[in-house]
Amino acid sequence: MKSFLHDYSMTAPRSLGEALELLDTDGGIRIFAGGTDLMVLLESGTLQHKSFLDIHSIPELRDIRVTPNYITVGAGATFSDIAAHPDLMRELPLLHEAARSVGAIAIQNRATIGGNVANASPAADAPPALLVYDAEIELLSRQNNRRIPYRFFHAGYKKTLLVPNEMIRAFHIPRADRRKCVQLYKKVGTRKAQAISKICFAGLLRREGGRIADARIAFGSVAPVPLRCEKTEQVLKNGGTLAECLAILSSEISPIDDIRSNAAYRLRVAQNIFSRFFQVK
Ligand SMILES: Cc1cc2nc3c(=O)[nH]c(=O)nc-3n(C[C@H](O)[C@H](O)[C@H](O)COP(=O)(O)OP(=O)(O)OC[C@H]3O[C@@H](n4cnc5c(N)ncnc54)[C@H](O)[C@@H]3O)c2cc1C
């Protein structure tokens with residue numbers, strides 16, 4: 001059942017410190033970043049919380065910083081911020097492409113990368129790119145600041161390692177010379193815009209002297225969590241044929257039927273995208 005807007009309260013702290021304090025002391029409060037996932041819950045009458053912490057205007061969270069070893073993207077950076085950033089465009093094309101494929105411009109102007117990851121949908125567009133780039137995720141509470149490999153963050157369907165008084169602070173993406181790498185981002189949805197992925201893919205491949213020196217692939221919407229396909233990567237690096245890679249890939253993913261698509265279609269599309277990636281020279 002829908003409730004009225006005046007049933008809800010929103011607090012907008014002016015600093016990160018203030019936000020962390022509120023998260024720590026008010027157990028019933030929920031982070032509200034761009035609100036593009038939360039507003040859907042409000043509209044459908046399934047939004048359980050009544051009290052929200054608006055982090056959209058905290059400048060520290062929106063920072064995108066380039067240092068010698070890392071590009072750090074604040075959790076509050078919007079997909080428009082990411083898509084427009086020249087260093088990300090040049091150095092992290094998979095993330096740039098993912099940002100450009102989220103919803104449409106109005107959604108990209110509000111939706112944040114932190115919200116995309118915290119919402120923990122296996123169909124989200126940013127996670128495959130973060131997985132391929134071996135991103136680290138920084139989690140922050142008033143008592144603790146921890147930084148862990150992003151690939152460990154999703155603990156199961158819609159489950160993450162976040163604890164209640166913690167927020168995602170940023171993503172740290174190692175810098176590397178990827179100019180000789182083939183990089184492919186692919187999203188398949190019902191339409192080109194305003195469509196959640198039926199399947200999404202990010203892949204990076206580096207050949208050296210006729211052999212594959214590095215191979216990283218990740219899919220969204222083929223498992224309960226965004227999935228880095230490490231077994232398939234291994235077969236690729238060992239010089240496996242396309243048929244051998246496809247056999248492992250098909251056993252590594254576990255697509256399902258849902259309102260957006262069905263398992264058989266997702267399996268076929270995953271195989272097709274991978275074949276295209278395999279054949280790019
Ligand atoms: C019309 C429409 C189209 C869409 N299209 C796409 C699409 O193509 N691809 C796609 O991936 N998604 C899509 N989405 C979903 C949504 O836009 C994204 O998941 C978006 O990135 C969510 O970010 P947000 O800042 O709006 O999150 P919010 O709605 O503010 O929050 C989402 C969840 O994350 C939590 N949260 C937010 N920030 C943090 C933080 N820093 N730390 C801890 N928890 C946090 C919130 O408490 C909440 O549980 C679409 C949504 C709509 C309405």
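The structure is a predicted model, and the domain assignment of the protein divides it into domain 1 (5–54), domain 2 (59–174) and domain 3 (182–279).

**The contact between domain 2 and domain 3**

- The centres of domain 2 and domain 3, taken over C-alpha atoms, are separated by 21 Å, and the contact between these domains takes 26 residues from domain 2 and 27 residues from domain 3.
- Of the area that domain 2 buries against domain 3, L94, P122 and V132 supply 28%, which is more than any other three residues.
- Between domain 2 and domain 3 the count is three salt bridges, and the count of residue pairs in polar contact, with both residues at pLDDT 80 or more, is ten.
- On the side of domain 2 that touches domain 3, the elements that give two or more residues are α6 (93–101), α9 (126–132) and β8 (154–156), and the residues of this side divide into 17 nonpolar, five polar and four charged.
- D125 forms a salt bridge with K187, in which the closest N and O atoms are 2.7 Å apart.

**Salt bridges in the model**

- D87 and R90 form a salt bridge whose closest N and O atoms are 2.5 Å apart; both residues lie in helix α5 (residues 86–91), where they are three residues apart, about one turn of the helix.
- R90 has a relative accessible area of 57% and is therefore exposed, since the cut-off for that class is over 50%.
- D134 forms a salt bridge with R216, the closest N and O atoms being 3.4 Å apart; because D134 lies in the loop between α9 and β6 (136–140) and R216 in strand β13 (residues 211–220), the pair ties together parts that are 82 residues apart in sequence.
- E166 counts as buried at 5% relative accessibility, whereas R146 counts as partly exposed at 25%.
- Salt bridges that share partners join D134, D214, R216, R228 and E233 into one network.

**Buried residues and their contacts**

- L249 lies in helix α11 (residues 242–252) and counts as buried, because its relative accessibility of 1% is under the 20% cut-off.
- When neighbours within four places in sequence are left aside, L249 is in contact with F219, C229, T232, A270, Q271 and F274.
- L249 and G115 are 134 residues apart in sequence, and their C-alpha atoms are 29 Å apart in space.
- T78 has its place in the loop between β5 (70–74) and α4 (79–84), and at 1% relative accessibility T78 counts as buried.
- Residues up to four places away in sequence not being counted, T78 touches H56, R62, Q108, N109, R110, A111 and T112.

**Residues with a positive phi**

- Most residues other than glycine have a negative phi.
- A120, which is not a glycine, has a positive phi of about 60°; A120 lies in the loop between α8 (113–118) and α9 and counts as buried at 4% relative accessibility.
- K158, a residue other than glycine, also has a positive phi, with a value near 60°; K158 lies in the loop between β8 and β9 and counts as partly exposed at 40% relative accessibility.

Note on methods
Residues numbered from 1 in each chain as written. Predicted model: local features only at pLDDT ≥ 70, side-chain atom pairs only at ≥ 80, totals over all residues. Heavy atoms only, no water. Domains from an automatic or database assignment. Contact = heavy atoms within 4.5 Å. Buried area = accessible area lost by both parts, 1.4 Å probe. Salt bridge = Lys/Arg side-chain N within 4 Å of Asp/Glu carboxyl O. Polar contact = N/O pair within 3.5 Å; in protein donor to acceptor, adjacent residues only side chain to side chain. Helix = DSSP H or I, 4+ residues; strand = E, 2+ residues; numbered from the N terminus. Nonpolar A, V, L, I, M, F, W, Y, C, P; charged D, E, K, R; others polar. Buried < 20%, exposed > 50% of the residue type's maximum accessible area, 1.4 Å probe, protein only.
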